[in-house]
Amino acid sequence: MTRTTAVSEVTIADVTFSSLYREHHPRVLAYFLRRFDRETAIDCAAEAFTVTWRRFDDVPEGDDAVRWIYGVCRNVARNQARSRRRARRLRALLARQPADRPEQPDTEVLRMSEEELVTGALSRLRDADQEILRLAAWEKLSRTDIAEILGCSRHAVDQRVQRAVARLGNELDKSTEGARQ
């Protein structure tokens, strides 16, 4: 049974969702506060109710609603924990990278000029291409490490890097052609 029948300007879904939110928000927030810091808990509770709103027609009526919402909370908490694990792994990988030695002034000026050209071309790429190139080239992470960070296969990383490098090459070609004219 759908609960989105319009009644004047306010829909039954709006009224029912508001009631559901008022009734269960304190319990949902408490659920997340037992697992995360306050700021994260507030964000997770908002995410749980966003999912509940988007899938409102799937929410059972009566006492089953809170159990359904707790299922959503569990998924949100798992996603948050997974994101935190990825961030910790990335920080650990970055911490293991060796520090660079200072360069000679003339080498540094040339490098800065080349870097400006590359960063300009890089900025014109899609966000996903930028990220994978930064992880591979600038952070010097292995394809296996990148796959773990992005949550995909090593083969997928190889393909993504190859395509992103090709797109970067095209952008660099455009930049150098424009500079020559």
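**Exercise 1. Find the residue just after H6 that takes a positive phi, and give its angle.**

Just after H6, look at Gly 151: its phi is positive, about 70°. Helices here are DSSP runs of H or I with at least four residues, numbered from the N terminus. A word on the ground rules: this is a predicted model, where local features need pLDDT of at least 70 and side-chain atom pairs count only at pLDDT 80 or more, while totals for chains, interfaces and linings use all residues. Numbering runs from 1 along each chain as its sequence is written, and side-chain values use heavy atoms, with hydrogens and water left out.

**Exercise 2. Work out where the buried residues of H6 sit around its axis.**

Step one: pick out the buried residues of H6, which are Ile 146, Ala 147 and Ile 149. Buried means under 20% relative accessible area, exposed over 50%, and partly exposed in between (1.4 Å probe, protein chains only).
Step two: they cover an arc of only 165° around the axis, so they lie on the same side of H6. That arc is taken from the directions from the helix axis to the C-beta atoms.

**Exercise 3. Check the length of helix H3 (residues 64-95).**

With 32 residues at 1.5 Å a residue, H3 should span 46 Å. The expected span is 1.5 Å times one less than the number of residues. The end C-alpha atoms of H3 are 47 Å apart, which agrees.

**Exercise 4. Find out which element gives the largest share of the largest nonpolar core.**

First, the members: the core has 22 residues, and Val 28, Phe 32, Ala 48, Ile 69 and Cys 73 touch the most other members. Such a core is a set of buried Ala, Val, Leu, Ile, Met, Phe, Trp, Tyr and Cys residues joined through side-chain atoms within 4.5 Å.
Then the elements: helix H1 (12-33), helix H2 (38-54) and H3 each give two or more residues to this core. The largest share, 7 residues, comes from H3.
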